[in-house]
Amino acid sequence: MKNKYYMPTRVIIGDDCITKNSELFLALGKKALLVTGAQSAKRNGSEKDVKTALEAVDIPYLVFDKVMSNPTIACVYEGAAFAKENGVDFIIAIGGGSPMDAGKAIALLAAQDIEEGNLFSGNYGNKVLPMAFVPTTAGTGSEVTQYSILTNDKAQTKTSIASDLLFPTVTFLDAKYTEHLGLSTTINTAIDALSHAVEGMLSVKASSVSNALAVASIRMIMNCVPNMLQALQSGSERVFNLKQREQLLQASLMAGMVIAQTGTTAVHAMGYSLTYFKHIDHGRANGLLLGEYLKLVEKVEPDLAGRILAAMNFSEAEQFQVLLSQLLGEKEEISSAEIEQYSKQASQTKNIANSVVKPTEEDIKTMLTLSFAK
Ligand code: NAP
Ligand code: FE
């Protein structure tokens with residue numbers, strides 16, 4: 001086991017934590033760029049609270065609200081050009097993983113000139129604009145990670161920029177912004193967080209500290225699962241109270257702290273093709289694959305799988321697989337040609353090398369086939 005823990009982001013948690021801590025923005029710069037998706041930040045009150053806090057400390061701001069889900073490289077270059085043209089000196093990203101990841105790349109590209117071909121290499125200087133983050137989904141943990149994951153059309157997958165420069169300076173967690181998240185986004189993003197915690201325990205970089213955070217995160221998410229199942233059954237969107245939303249947001253935060261140390265493993269490696277080619281939401285893509293991967297781990301490293309399953313109050317990976325199937329509902333179709341292509345691609349990623357149990361290309365084919373079996 002390794003013993004390393006690095007997470008330099010200040011985390012502020014609680015009701016109205018943005019407007020109550022507006023002075024924190026003064027340390028970040030003199031002119032802010034708010035980076036958001038098209039709609040949700042305007043609807044859930046988060047953008048308004050950030051603007052109120054900035055106005056309270058006389059900081060001018062602009063808004064770049066063009067971030068789509070699974071942000072593209074073109075989008076972050078456009079955001080960075082806008083930031084430079086307007087003399088912005090810090091970034092506030094508000095939203096799910098997409099605006100947060102885009103915000104990180106914009107902060108980097110606004111501070112230094114990096115050609116597209118060099119973006120994922122890490123071969124550049126150490127300048128970046130300071131960043132404040134407001135997560136409004138409970139899933140990616142991007143608010144406390146050093147990763148910016150972008151849709152990379154040249155490589156036909158999603159590729160991460162991984163650099164310690166990308167840790168936000170400060171993150172504000174206020175669960176009220178997540179209160180009206182729809183049921184399927186709530187479930188998909190919770191599964192993403194669960195996947196981070198589980199994969200963190202399955203990484204060659206797992207440590208006692210990351211495992212402690214992962215187990216706590218898994219328990220908190222599993223405590224919310226009965227309500228998700230109930231909501232699915234009743235067809236209701238409003239089954240989660242604020243307390244549960246807080247639990248999910250903090251579980252996602254902790255799972256983010258885990259992957260900041262460990263990286264992700266085979267599940268994310270396989271999931272990226274499902275998102276890139278089949279437009280399956282990131283968290284759902286992980287959820288479709290997580291059960292089969294844990295079954296493989298159970299065969300090869302039963303003690304390791306057992307520790308993860310114990311945190312879920314399960315004794316066998318099959319029980320977890322059944323639960324995931326209930327949460328995810330009807331599965332998409334996948335062809336054997338697609339399985340062939342995605343397996344080849346996933347087997348070459350660094351996430352596989354990062355896994356304690358390293359699936360072969362053949363293993364990946366089997367997992368993809370079983371994951372989509374009806
Ligand atoms: P997302 O793509 O950020 O958002 C999904 C949808 O949810 C969007 O339509 C968004 O609307 C909406 N939304 C966001 N917050 C909402 C709220 N409070 N209420 C209602 N709707 C809301 O989804 P995500 O799952 O959070 O992020 C996925 C991205 O994160 C992927 O690109 C994935 O690769 C990345 N990721 C990054 C890390 C990391 O460590 N950096 C880890 C895992 C995943 P708007 O567009 O209008 O905002
Ligand atoms: Fe993820």
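Trainee: How many residues of domain 1 are in contact with residues of domain 2?

Mentor: Note first that this is a predicted model. In it, 27 residues of domain 1 touch 24 residues of domain 2. The domain assignment places domain 1 at 10-177 and domain 2 at 182-371. Over C-alpha atoms, their centres are 25 Å apart.

Trainee: Now the metal. Which residues coordinate the iron ion (ligand 2)?

Mentor: Asp192 through OD, and His196, His268 and His282 through NE2. The distances run from 2.1 to 2.2 Å.

Trainee: How are these donors spaced along the chain?

Mentor: The pattern is D-x3-H-x71-H-x13-H. Take His268 and His282, which are 14 residues apart. His268 belongs to helix 8 (residues 266-278), while His282 belongs to helix 9 (residues 282-300). The pair thus links distant parts of the chain. Both histidines, His268 and His282, are buried.

Trainee: What geometry does the site of the iron ion (ligand 2) have?

Mentor: Start with the ideal. Four tetrahedral donors would give angles of 109.5 degrees. Now the case here. The angles among the 4 donor atoms span 81 to 166°, and the site is irregular. To count as tetrahedral, all angles must lie between 85 and 135 degrees. One caution applies: water is not among the atoms, so sites may look incomplete.

Trainee: How far does helix 11 reach from its first C-alpha to its last?

Mentor: 16 Å, for 12 residues. That is close to the 16 Å expected at 1.5 Å a residue. Just after the helix, Gly329 takes a positive phi of about 65°.

Trainee: Which residues does Gly291 contact, leaving aside its neighbours within four places in sequence?

Mentor: Phe320, Gln321 and Leu324. Gly291 sits in helix 9. Its relative accessible area is 0%, so Gly291 is buried.

Trainee: Let me try helix 2 (residues 46-56). Which of its residues are buried?

Mentor: Ser46, Glu47, Asp49, Val50, Ala53 and Leu54. They cover an arc of only 165° around the axis, which puts them on the same side of helix 2. Lys48 and Ala56, on the other side, are exposed.

Trainee: Is Phe90 buried or exposed?

Mentor: Buried, with a relative accessible area of 0%. Phe90 is found in strand 4. Beyond its neighbours within four places in sequence, its contacts include Leu54, Phe25, Leu33, Ile59 and Leu129.

Trainee: Is Asn123 buried or exposed?

Mentor: Exposed, at 57% relative accessible area. Asn123 lies in the loop between helix 4 (97-111) and strand 5.

Trainee: Last feature: backbone angles. What phi does Asn70 have?

Mentor: Near 55°, a positive value in a residue other than glycine. Asn70 is placed in the loop between strand 3 and helix 3 (73-85). Its relative accessibility is 23%, which counts as partly exposed.

Trainee: Where is Gln156 found?

Mentor: In the loop between strand 6 (147-152) and strand 7 (157-162). Gln156 is not a glycine, yet its phi is positive, about 50°. Gln156 is partly exposed, with a relative accessible area of 37%.

Conventions
Residues numbered from 1 in each chain as written. Chains lettered and ligands numbered in written order. Predicted model: local features only at pLDDT ≥ 70, side-chain atom pairs only at ≥ 80, totals over all residues. Heavy atoms only, no water. Donors = N, O, S within 2.8 Å, 3.2 Å for Na, K, Ca; no water. Tetrahedral: all angles 85-135°; square planar, octahedral: opposite > 155°, others 65-115°. Helix = DSSP H or I, 4+ residues; strand = E, 2+ residues; numbered from the N terminus. Buried < 20%, exposed > 50% of the residue type's maximum accessible area, 1.4 Å probe, protein only. Expected span 1.5 Å × (residues − 1). Domains from an automatic or database assignment. Contact = heavy atoms within 4.5 Å. Arc of directions from axis to C-beta.
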